[in-house]
Amino acid sequence: MKKLVAILRNHYAKLLTVVGFLFVWQLVVMILGIKEFILPTPITTFSYLFIPELASQYDWFTHIETTLIEVLIGFSATAFVGVFVAVVMTWSRFLRQIIMPIITLFNSLPKIALAPLFLLWFGYGIIPNVMIAFLISFFPIVINTIAGLNAVEEDLLDLVRYLHASKWQVLVKIRLPNSLPYIFSGLKISATLCVVGVIVGEFIASTQGLGFLLKSAQGLMDTPPMFASLILISILGLSFFGFITLLERWVMPWQKSQQQP
Amino acid sequence: MGHAVAKKPTTTLSGKTFNTIKRNYQTPFVILIFFLIWQFSVVIFNVREFILPSPLSALEHLLLPQPDANYNWSVHISATIYAVIVSFAATSIIGIAIAITMAWSRLINDMMLPLFIFINSLPIIAIAPIILLWFGYGIFTNVLIAFLVAFFPVVINTAMGLNEVEEDLLDLVRYLHASKWQVFAKIQFPNSLPYIFTGLKICSTMCVVGAIVGEFIASDRGLGYIIINSQFTMDTPPIFASLILVSLIGVVLFGLVSVSEKIVMPWHQSEPIPR
Amino acid sequence: MKAKIFTFFMVLAVLTVMAGGEATALTKVNFQLNWKITGDHAPYYVALKKGWFQEEGLDVNIILGQGSGYTVKVLESGKAELGISDAPVPIKGIAQGAKIKIVGIIFDKHPNCMFFWKDSGITKPQDMAGKTVAVPAADGHKVMFPAFAKQIGIDPASVKFLNIEPAAKVSALATKKADIVFELYTGKPFMEKAIPADQLGAILWSDYGFNAYAHSIIARNEVIANNPDMVKKFLKAAYRGWDYTLKNPEEAIAILAEYHPINITDYVANLKVVMDFFKTERYRKYGIGYIDPARMEDTINIVGQYMGIAINFKPEDAYTSEFLPDPPYKYDF
């Protein structure tokens, strides 16, 4: 119980923001008399999630499950491959020279513009959405990890080399630990990008998922379920971000990435 | 010492720029080889034009006069470059300012961070109609969309950098009765520069993506707009000509940020030193 | 004395300029399109370029669109006075409280179509049961599908829908990731870029009795009440633009190309197919834009039955023909 109170006290500002936001939203719609098909109230929106008669029109569980699986797989792949590629690029200057321009080129392209190509090469389903999420979210991890791996003080590097440390030892014992804050920054950025990427994949071609549901509702001018999907998507992003933050505190208890009182 | 001596950065601006370019001279070659591979793949695998045109046909569309598709490329290219530059400037400045405010006050941090994560998790394409309804067509909406796409990395990285100061150092200066402002200006901010620049590098390509997505949604000019119209008629050469230009803009902007990083922080290594 | 005369004439001159200025002040009109530029948007640019809107005293700002639903929202929030929207959508909007009315028709024959590979064995629309259909979620086809399904006698749930980005329509069919693609028949020239004409199959919904109304021009009730002249003048110039475009398609597209980066050859092909949907006896007899009361009532009933909304208004409340050009522009094809 004490712990619950402590948690609440620590996070009261965040809770206040969320509640305040919902409150203002509700008021604005009611006061300005905005029609439901333009902007529904939070109460109407949530009723499509929780009230059985309305919620049963849509197979929420299947759609949430699909998107969740896509994000989980996509994010794991992105995190591991991203860090791995960054390590490879730090290890070998030659590979870095080749890979860096290519990924910068690709990362400047809005993936949605390649929709017809993606449909051709990957088809539709979970795997293509995972791939698109990967393509969108792996650049920040690579860039941040490389920065972290290389931001080691010259003196320290000179010292260990003088002590005949091997390249491998330098990497594992010095560079990687040093780069953890950078890696976690990268993971936080990629977490939300992964969610976005999965949804973009679902927009491009899908038969289920929160992105599918969002677009379907939008097309039929069913604005409340559309907003409900939107809220679920951002809750997904928030949860992932929160998960990374918790992971960060566990892996690096000595670091503060956010101010503590 | 047995290892080779790295090229030390010279102290002049031109020296630093030259060194950075020299270190990265392979970049144009790599890009060129990529285009060659693309060209050969299209020819060898006989890929149909509506799927993937060859880079040559894309460039042909761009450079040779097209009687039935007479696009004013320079107008559209400059519109996109303008949108990219304005959004990059706005995103960097506002993003860094937001992060500083968040580092300053825990209350603001706790209130704003969930909001930013919330905004950032929404695919911009999904909320495009809403944004358009409020702000209408035009360059402002275009830049706003780019901002919403690209501001998050800058904020996260900068905030991380501002908070990443060693405890001992903080304790020491506080013991010496340094004011909060002094701690910030002399310790936290310089310490966070590497993080800020890395954030700006990520932001650079995302600004390009955001500017193009902004053009998809809210503009009637620009490379993004050409892509949209050409998608309707399945006219793929101008689509890919635009995409090539867009990615080159991204590479150049990324390069500019890298060069600035070297200039501002010559002591810092964010890229491997040749050994 | 001289000073007084001089001042008198100066004041007179100023008043004349001011009065003249007042007389030539144009009324600003925001016209919300239904999508990005397509061939059937050329007429409005023709009217703009040839000064026909100006002749009617209107300063028209043509705004690119985001779908029929978006147009309804834009009009409802007062950001535009008139717009283009696929008839079922504003009808549904009116049932949900939107204060808009349909004031003119664009396509007279319904352009909804399904494309498929001929070798897939599909010969009639009922064959789509059990197949995968690719269509963008916001597309009119998806919205009206339950109605069409009932009409041809298949269960709407027997079709598996693949939501796609509009840009991926051709790719979806060409790569056989979907068996069928719903697209307007006016998109045929672009389908043929990917699928040879002799292998591309197309079935028009209207050939199987689907006769609801499609693209139409809508206006805000507030504008109709307070500024009916504006609506009348707009439609006159707009349909004049249509009349000219139907007679001079190549020139119309050339004019469109002055405002937007488009491929002229492709858009002319697109426009020529559009023209086919204007070649009806109704338009020959009554003029372009004519609203058939029986057909409109049918459309409203279809929306009520298949889009799950209560029709709580009379048909006359959803549309009005009073602003159509008089004399009408008859299409003598």
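Visitor: Does B:T236 count as buried or exposed at 6% relative accessibility?
Guide: The relative accessibility of B:T236 is 6%. Buried means under 20% relative accessible area, exposed over 50% and partly exposed in between (1.4 Å probe, protein chains only). B:T236 therefore counts as buried.

Visitor: What kind of model is this?
Guide: Residues are numbered from 1 along each chain as its sequence is written, while chains are lettered from A and ligands numbered from 1 in the order in which they are written. Side-chain values use heavy atoms, with hydrogens and water left out; local features need pLDDT of at least 70, side-chain atom pairs count only at pLDDT 80 or more, totals for chains, interfaces and linings use all residues, and the whole is a predicted model.

Visitor: Which residues does B:T236 touch, not counting residues up to four places away in sequence?
Guide: B:T236 has its place in helix α11 (residues 236-264) of chain B. Helices (H or I, at least four residues) and strands (E, at least two) are DSSP runs, numbered from the N terminus. Contact means heavy atoms within 4.5 Å. Leaving out residues up to four places away in sequence, the residues that B:T236 touches are B:E49, B:F50 and B:P53.

Visitor: What pattern does chain A follow along the sequence?
Guide: Chain A contains 11 helices and one strand. Its C-alpha trace spans about 70 × 55 × 30 Å along the principal axes. Read along the sequence, the pattern of chain A is α-α-α-α-α-α-α-α-α-β-α-α.

Visitor: Among contacts in chain A between residues at least 6 apart in sequence, what percentage join residues at least 24 apart?
Guide: Chain A has 261 residues, of which 57% count as buried. For its contacts between residues at least 6 apart in sequence, the share that join residues at least 24 apart is 73%.

Visitor: What area do chain B and chain A bury between them?
Guide: The contact takes 74 residues from chain B and 71 residues from chain A. Buried area is the accessible area (1.4 Å probe) that two parts lose on being put together, summed over both. Carbon and sulfur atoms carry 70% of the area buried between chain B and chain A, which is about 6,500 Å².

Visitor: Which helix gives the most to the side of chain B that touches chain A?
Guide: Across the interface of chain B and chain A there are zero salt bridges, a salt bridge being a side-chain nitrogen of Lys or Arg within 4 Å of a carboxyl oxygen of Asp or Glu. Five residue pairs between chain B and chain A are in polar contact, both at pLDDT 80 or more. On the side of chain B that touches chain A, the element that gives the most, with 12 residues, is helix α9 (residues 180-218) of chain B.

Visitor: How large is the area buried between chain A and chain C?
Guide: Here 24 residues of chain A are in contact with 28 residues of chain C. Carbon and sulfur atoms give 64% of the area buried between chain A and chain C, which is about 2,200 Å².

Visitor: With which residue does C:E76 form a salt bridge?
Guide: The count between chain A and chain C is two salt bridges. In the one formed by C:E76, the closest N and O atoms are 2.5 Å apart, and the partner is A:K35.

Visitor: Which residue is the bridge partner of A:S206 in β7(C)?
Guide: Two bridges join β1(A) to strand β7 (residues 160-164) of chain C, and the strands run antiparallel. Strands pair if DSSP finds at least two bridges between them. In β7(C), the partner of A:S206 is C:N163.

Visitor: How many residues apart are C:D108 and C:R282?
Guide: The side chains of C:D108 and C:R282 meet in a salt bridge (3.1 Å, N to O). C:D108 lies in the loop between β4 (100-105) and β5 (112-117) of chain C and C:R282 in helix α13 (residues 281-286) of chain C, a link between distant parts of the chain with a separation of 174 residues.

Visitor: Does C:D108 count as buried or exposed?
Guide: C:D108 belongs to a network of salt bridges with C:R282, C:D292 and C:R295. C:R282 has 24% relative accessibility and so counts as partly exposed. C:D108 has 0% relative accessibility and therefore counts as buried.

How values were computed: Polar contact = N/O pair within 3.5 Å; in protein donor to acceptor, adjacent residues only side chain to side chain.
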